[in-house]
Amino acid sequence: MKITIYDRYIFKQVMITTIVAILLFTVVWIAPEMLLNTIKKTLEGEYTARTAVMVLTCQLPLILSKAFPVGLLLGALFTFDKLSKDSELTIFRAVGLPFWRIVRPVLALSVIISILCFITIDKLVPYSSDILARIKDKDPVSQYIYTQKEDSGRPEMSVIVSKYNRTKMNNVIVLDFADTKYTDMHGISTIYVAKKGKFFPDRWELYDITRYKISAEGIFDDIDHMNQLDILKGHAADDIYTIMSYSTKKEREISNKNLHRYVKLLKSIKSDETYNLMLNKYLQRFFHPFICVLLAVMGCLLGFSKPREQRVIGFTIAIGSIFIYYITLPFFDLLAEKSVLPPLITALFPPLAFLVCIVAFYKSKDL
């Protein structure tokens with residue numbers, strides 16, 4: 001494992017080409033629409049110059065999380081293709097260096113970039129997404145519906161929050177379910193309609209409430225007024241508030257730690273579809289950085305070519321592989337969400353597919 005002149009040479013060459021490829025990918029991604037929209041809003045006075053720079057800066061972590069694997073693949077491919085055309089790889093092979101010894105510096109670089117990719121997804125993307133959300137919509141308003149059920153599946157209570165923002169909510173409807181069950185639904189014993197409410201860690205407080213009592217026959221018995229009502233007491237108050245807050249966010253806006261908690265809470269309330277989708281997204285957080293290592297090896301393999309072999313073939317395969325990878329991720333998300341396949345399988349399938357491709361390329365190159 002001694003670091004030699006060869007290791008430093010290959011490491012430096014691949015690192016430089018990878019950085020260039022990442023920069024080009026970033027410029028191509030950010031230039032067409034994102035940059036024009038930001039300039040347009042700045043000229044219209046919606047953004048100041050400082051805000052515009054901040055918006056573009058906060059977009060970078062999300063772009064980099066996608067650019068790291070692409071840049072590494074293209075960097076390794078371009079470097080090894082050049083080494084092949086200059087017959088340097090032939091010399092390395094002639095002095096007795098096997099394939100895996102030749103690509104060892106690239107593997108070391110791919111591990112470093114994988115760590116950077118993981119940190120970017122876990123820390124930088126959620127942080128920058130939160131800043132962007134505050135810039136674009138400083139006072140967001142959302143809706144949420146929660147149904148509390150017994151272990152048997154019978155609904156106990158439904159909470160319908162028409163509008164909420166941070167710690168306050170408006171137009172809240174609470175349905176208390178009765179034991180009576182009709183053909184297609186459970187009966188309701190009481191309906192509470194609150195004009196305002198507030199979130200606390202151990203309870204939800206509702207204010208200015210109209211209470212409707214309903215008989216077993218489904219007829220209003222009485223209507224009265226209440227000043228205050230506490231619902232979802234104890235840990236449930238904080239748990240449901242967390243679920244409600246994260247339900248309005250995209251997966252990339254949540255850190256690994258919080259996403260793991262969100263997945264556990266979704267499982268506890270038996271929200272199967274959302275649970276499967278978020279578990280798939282959580283597992284992808286760990287498999288996606290590993291893609292960097294696989295793409296680095298694939299780039300090296302595609303770069304091994306004969307002196308007169310067309311360079312466009314390797315680059316076409318590389319670009320096609322990246323396109324297929326990113327275009328099929330939503331498809332695997334859907335398979336996990338609809339329980340067609342377990343989330344572990346849907347998250348693990350893309351890396352396994354790349355691994356199979358690497359084995360196939362390795363055998364076809366006869367290395």
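L232 lies in the loop between β6 (220-231) and α6, where helices (H or I, at least four residues) and strands (E, at least two) are DSSP runs numbered from the N terminus. Although L232 is not a glycine, its phi is positive, at about 50 degrees. The residue is buried, with a relative accessible area of 6%; buried means under 20% relative accessible area, exposed over 50%, and partly exposed in between, with a 1.4 Å probe and protein chains only.

The model is a predicted one, in which local features need pLDDT of at least 70, side-chain atom pairs count only at pLDDT 80 or more, and totals for chains, interfaces and linings use all residues. Residues are numbered from 1 along each chain as its sequence is written, and side-chain values use heavy atoms, with hydrogens and water left out.

N171 also has a positive phi, of about 55 degrees, although it is not a glycine. N171 is placed in strand β3 (residues 168-181) and is partly exposed, with a relative accessible area of 40%.

**Nonpolar cores**

A nonpolar core is a set of buried Ala, Val, Leu, Ile, Met, Phe, Trp, Tyr and Cys residues joined through side-chain atoms within 4.5 Å. The largest such core has 47 residues, and I10, F80, V106 and M298 touch the most other members. At least two residues of this core come from each of α1 (5-43), α2 (49-85), α3 (88-94), α4 (99-102), α5 (104-136), α8 (272-303), α9 (311-337) and α10 (343-365). The element that gives the most is α2, with 11 residues. A second, separate core of 37 residues includes V161, A194, L232 and I243. In soluble globular proteins, nonpolar side chains tend to be buried together.

The surroundings of V106 can be described in terms of contacts, that is, heavy atoms within 4.5 Å. Apart from neighbours within four places in sequence, V106 is in contact with I10, V14, A76, F80, A296 and C300.

**Cysteines**

A disulfide is a pair of cysteine sulfur atoms within 2.5 Å, and by this rule the count is 0. The sulfur of C292 is 4.4 Å from the closest cysteine sulfur, in C117, which is too far for a bond. C292 is buried, at 0% relative accessibility. C300 is in no disulfide either, the nearest cysteine sulfur being that of C292, 13 Å away. C300 is likewise buried, with a relative accessible area of 0%.

**Pockets**

Pockets were located on a 1 Å grid over the protein atoms alone: a pocket is an open set of points where a 1.4 Å probe fits, with protein on both sides within 12 Å along at least five of seven lines, and lining residues have an atom within 4 Å of a point. Grid points are joined across faces, edges and corners, and a volume is the space filled by probe spheres set on the points. For the lining classes, Ala, Val, Leu, Ile, Met, Phe, Trp, Tyr, Cys and Pro count as nonpolar, Asp, Glu, Lys and Arg as charged, and the others, Gly among them, as polar.

| Pocket | Volume | Lining by class |
|---|---|---|
| Largest | about 960 Å³ | 11 nonpolar, 10 polar, 9 charged residues |

The most come from α5, with 9 residues.

Of the 22 residues that line the second largest pocket, K66, E251, K281, Q284 and L329 lie nearest its centre. At least two lining residues are supplied by each of α2, α5, α8, α9 and α10, and α8 provides the largest share of this lining, 6 residues.

**Two loop positions**

K250 is found in the loop between α6 and α7 (256-268) and is partly exposed, at 47% relative accessibility. The C-alpha atoms of K250 and S364 are separated by 41 Å, the two residues being 114 residues apart along the chain.

L341 belongs to the loop between α9 and α10. With a relative accessible area of 33%, L341 is partly exposed. Not counting residues up to four places away in sequence, L341 touches L335, A336 and T346. L341 and N276 are 65 residues apart in sequence, and their C-alpha atoms are 9.5 Å apart in space.
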